[in-house]
Amino acid sequence: MSSSPLPSLPDERGHFGQFGGRYVAETLMPLILELEREYRRAQADPAFKAQFEDLLQHYVGRPSPLYFAERLTDAVGGAKIYLKRDELNHTGAHKINNCIGQILLARRMGKTRIIAETGAGQHGVATATVCARFGLPCTIYMGAKDMERQQPNVFRMRLLGAEVRGVTAGRATLKDAMNEALRDWVASVSDTYYLIGTAAGPHPYPELVRDFQSVIGKEAKSQLEKAEGRLPDLLIAAIGGGSNAIGLFHPFLNDESVRMIGVEAAGRGLDGPDHAASLAGGKPGVLHGNKTYLLQDDDGQIIEGHSISAGLDYPGIGPEHSWLHESGRVDYRSATDEEALDAFQMLCRSEGIIPALEPSHALAVVRTEAARMRSDEIVIANLCGRGDKDIFTVAEALGVDL
Amino acid sequence: MSERLSAAFRKNRAALVTFVTAGDPSAEKTGDILDALVEGGADVIELGMPFTDPMADGPSIQAGSLRALKGGMTLKGTLEIARAFRGRHPDVPLILMGYLNPALAYGPHFARDAAAAGVDGLILVDLPPEEDAELGGALRGEGLSLVRLATPTTDRNRLPAVLEGASGFLYYVSVAGVTGTRAADTADVAEAVGRIKAETDLPVAVGFGIRTAEQAADIARIADGVVVGSAIVDLIGENAADPATAVRNYVTKLSQAIETAA
């Protein structure tokens, strides 16, 4: 690996190498530019940072623990495994970190209405939560199929006062919900803020979502320093759009000794069409405002992803991950539905923690990687969500009738 | 700019610009529909390149795009439709309209092949001036016009960036929203068109939400071109057996209204 630090990205046009950018309709372009100006002002404003940190501490419950998973470590029989417990956050996932940052931005911009897309419902719940906290009306777009798979989260959003609009277009999952949110936004630009849930979309979203989520990696770094007096050897995180992964990885990118693995959803296997591994099975293209790896056919038509985890079945990936993949800094692998289910059960029984299906993909790779490492080496896995929302899906997959 | 395209805007009335999606409902019927557009009096043809995720389009054009994809239409097939059209109508300008990804997936010869098929220009909804380098240079290099869009959110400061590198005509999107949903207030459109024409010599065509002959006449009085899309795509969806006849009758009414408005 090169000894010089990685360049600070994105560049001023929002590009990570050939990826990223601002591929949006003209109606949205002035708003995207205004968002970027406002984000730069917020970054320079100590009061913004102070309010963000105060809410993370007192409302979200940060810092989340960095937990040494002793029994999991024993069961795997290799490196020491630490779990970054972002599933203990308010609302049960890492999504809230980004929502706190963006709702503060929306308020700075004087926006009076919030829209968002959601797949598994975690980002929808987190968005509905911050909207309730700040008294702003919100509309959440969710694929009709996802609404069926994630009924508890639909009800949570409604309890929090959000309007949940089902989207029946396409395969009625996350991609289609994002299309519909963009259609709403283009018709309501003057008063509406689009609170994107992952580190993707037009610049500056990939950058600002990454920055808000980087609290995960910054905490993990100082927590491990305290616990072990050193850097980890390996970081592992699951990738849908990739916001929890970039949040963990980014503060370590210039620490050359730290290896990183991002885990995509291999669904029913990479050899068939039923997966959501954009890097392993896709090629670069343009969708939802950014250039990145996409699942697409030879004609450039987008192919729907599949994963047992509703939070991972998106046919794209955040543009910074595409760049980290091409630059070789991060190693990207995948885990199947079945491997994720096995790892899910293993964590339940070894540590008394029910993880979400998304980080279960990361745990599947933790098992194989940590087993190959020495006992004095250290792995940190991002436990980015809790599994309460997934128990119906898991029961069905295990043939249990609830 | 192609002579065909500039000639379309040199008439003593506004040009009628009509949109249909390639392959909706089939490749063969699209050929008939394009002929019907010309027979009905369309001056410029916009041929939609279908895409799975038409984010800036309303329900009508989404449905048309999906009908086309279901029938197996591809960008290669779209260029074949354009080539056949050019053979039958040597003088009618044809613009391809759609999203960037299929054009990128087609590969580096897209601009060359489009020019060879007799295409006069491109409208790429998700290629703003900021990302022009992605395809703009290649299109201009082949003599194709890159038709840019201006919208109600394009303010005075931004307009020069939109106009730089624009050619053929400027497409003024009269409503902040998706295609085919609501119509703009005519006075607002007149103000915007005046503001744009003060900054450019390009003809300004106005679209989004124009459905009736009366609306078309209103816009024809204040702009250089009237764009109608969703209303035609709806007719195609509703008249599966003989869409060409329905389209011809409808477009004839529009062109007569524009003629009368002049």
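The structure is a predicted model, in which local features need pLDDT of at least 70 and side-chain atom pairs count only at pLDDT 80 or more, while totals for chains, interfaces and linings use all residues. Residues are numbered from 1 along each chain as its sequence is written, chains are lettered from A and ligands numbered from 1 in the order in which they are written, and side-chain values use heavy atoms, with hydrogens and water left out.

Chain A is divided into domain 1 (27-57 + 95-204) and domain 2 (61-92 + 214-398), with bounds that come from an automatic or database domain assignment. The centres of the two domains, taken over C-alpha atoms, are separated by 23 Å. Contact (heavy atoms within 4.5 Å) between them takes 31 residues from domain 1 and 33 residues from domain 2. The size of an interface is often given as the accessible area lost when the parts come together. Between domain 1 and domain 2 of chain A, the buried area (the accessible area, 1.4 Å probe, that two parts lose on being put together, summed over both) is about 2600 Å², and carbon and sulfur atoms give 54% of it. On the domain 1 side, Arg149(A), Arg171(A) and Lys175(A) supply 22% of the area buried against domain 2, more than any other three residues.

The count between these domains is 1 salt bridge, a term for a side-chain nitrogen of Lys or Arg within 4 Å of a carboxyl oxygen of Asp or Glu. The side chains of Lys175(A) and Glu304(A) meet in a salt bridge at 3.3 Å, N to O. Helices (H or I, at least four residues) and strands (E, at least two) are DSSP runs, numbered from the N terminus. With 6 residues, α8(A) makes the largest share of the side of domain 1 that touches domain 2. The residues of that side divide into 12 nonpolar, 13 polar and 6 charged; here Ala, Val, Leu, Ile, Met, Phe, Trp, Tyr, Cys and Pro count as nonpolar, Asp, Glu, Lys and Arg as charged, and the others, Gly among them, as polar.

Between the chains, the contact takes 32 residues from chain A and 37 residues from chain B. Chain A and chain B bury about 2700 Å² between them, with 50% of it on carbon and sulfur atoms. In chain A, Tyr23(A), Glu26(A) and Arg183(A) lose the most area to chain B, together 25% of what that side buries. The two chains are joined by 4 salt bridges.

Two cis peptide bonds are described in chain A: Leu9(A) is joined to Pro10(A) with omega about 5°, and His203(A) to Pro204(A) with omega about 15°. Pro10(A) is found in the segment before β1 (15-16), and Pro204(A) in the loop between β8 (192-194) and α9 (205-213). Phi is positive at Thr91(A), near 75°, and at His288(A), near 55°. Thr91(A) lies in the loop between β4 (80-84) and α4 (95-108), and His288(A) in the loop between β11 and β12. Thr91(A) is buried (under 20% relative accessible area, with exposed over 50% and partly exposed in between; 1.4 Å probe, protein chains only), at 17%. His288(A) is buried with a relative accessible area of 2%.
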